[in-house]
Amino acid sequence: MAKTVHACGRSALLFALLCSAWARAGEAPTLHYSGGLGLGYDSNPANAESGNTVPATGYASGNLAASLSQRPGENTALLLRGSLDSQSYFNYVGLSNVKASLLLRGVYRPDGGFLTPSFAAWGSAALWQFEKSERDSGEYKGGVYAGEQLSTAISLRLGGYYADRRSASNVFDLHSKAATLDADWLLGERLTAYLGFEMRYGSFATSSPKDAGAAAHASVKEPDDAIIRDGQYDMDYRLDGHTRIGTLGLNYALTPKLALDLQGMQIHTRADDDDHYLRWLATASLLARF
């Protein structure tokens with residue numbers, strides 16, 4: 001837990017410096033609220049290697065967020081966002097979690113031309129609490145991206161970020177860097193399709209039986225009391241590798257402030273020892289702005 005507090009302390013210092021820039025901005029900020037409720041499916045909740053997965057499970061999710069937006073200059077914008085996210089797993093209660101996050105983002109656009117790209121830098125800090133405490137974490141991220149409107153219907157965004165997670169258990173002390181590509185496509189007056197691709201390099205955690213292949217190559221391993229199979233606890237392992245994440249979604253506006261969102265995600269990790277880890281996530285959510 002001390003590591004979690006230490007990570008959050010460093011993030012708090014970062015945010016103090018960033019928020020000082022916010023305080024110097026002259027224009028009064030605009031406050032917005034949003035939230036959502038959803039149901040999801042997780043094909044591999046243990047993130048285990050092929051051949052050692054536990055049965056899939058469903059989960060319920062919820063989100064509340066408050067955002068302060070401000071334009072300190074004609075070509076710049078600031079966003080400060082606080083959010084609270086939760087997941088309640090149906091079959092693996094120990095994986096249920098609540099995450100409180102704070103994000104600050106600055107955007108610069110050289111001029112008001114329709115095809116002019118925008119450039120952004122952002123940082124975030126989060127406190128993540130699980131039903132089983134070994135996954136409790138302090139997490140901070142920082143990144144940049146460039147966005148471009150390709151047409152009246154299609155926009156593209158290219159970015160990268162670094163993530164650092166400090167947890168109550170050494171297994172979940174994770175560090176990674178990633179490149180991202182995202183696109184939005186307006187298909188109609190109310191329907192938008194979106195897709196994303198992420199290539200991530202660094203450490204990741206997996207839960208598998210004691211005799212799994214990960215045991216021979218893990219840098220850290222500890223018992224996991226959130227995943228039980230055949231009456232025995234799994235082991236958590238920390239490994240290095242690279243991950244490909246693909247996302248495809250549809251968002252349909254029911255009203256100006258209410259939308260239905262359907263999203264599918266494939267997460268494919270290949271460890272340095274050549275083991276493969278495949279995970280599918282699917283969610284259906286009702287999103288609201290108020």
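**Burial and salt bridges**

A: Arg 200 is partly exposed, with a relative accessible area of 28%. Here buried means under 20% relative accessible area, exposed means over 50%, and partly exposed is in between, using a 1.4 Å probe and protein chains only.

Q: Before we go on, what kind of model is this?
A: A predicted model: local features need pLDDT of at least 70 and side-chain atom pairs count only at pLDDT 80 or more, while totals for chains, interfaces and linings use all residues. Residues are numbered from 1 along each chain as its sequence is written, and side-chain values use heavy atoms, with hydrogens and water left out.

Q: OK, so which residue forms a salt bridge with Arg 200?
A: Glu 198 does, with the closest N and O atoms 2.9 Å apart. A salt bridge here is a side-chain nitrogen of Lys or Arg within 4 Å of a carboxyl oxygen of Asp or Glu.

Q: Is Glu 198 buried or exposed?
A: Glu 198 counts as buried, because its relative accessibility is 14%.

Q: How many salt bridges does that rule give?
A: The count comes to 8.

Q: What about Arg 135, which side chain meets it at 3.3 Å, N to O?
A: That's Glu 134, in a salt bridge. Glu 134 is buried at 12% relative accessibility, and Arg 135 is buried too, with a relative accessible area of 7%.

Q: And what's the N to O distance for Asp 236 with Arg 135?
A: The closest N and O atoms in that salt bridge are 3.8 Å apart. The pair links distant parts of the chain, 101 residues apart: Asp 236 is in strand S11 (residues 232–255), and Arg 135 is in the loop between strand S5 (118–130) and strand S6 (137–149). Strands are DSSP runs of E, at least two residues, numbered from the N terminus. Asp 236 has a relative accessible area of 0%, so it is buried.

Q: Switching topic: where's Leu 95?
A: In the loop between strand S3 (76–89) and strand S4 (97–108). Leu 95 counts as buried because its relative accessibility is 6%.

Q: What is Leu 95 in contact with, leaving aside neighbours within four places in sequence?
A: Pro 45, Tyr 89, Phe 130, Arg 135, Ala 226 and Ile 227. Contact means heavy atoms within 4.5 Å.

Technical notes:
Helices (H or I, at least four residues) and strands (E, at least two) are DSSP runs, numbered from the N terminus.
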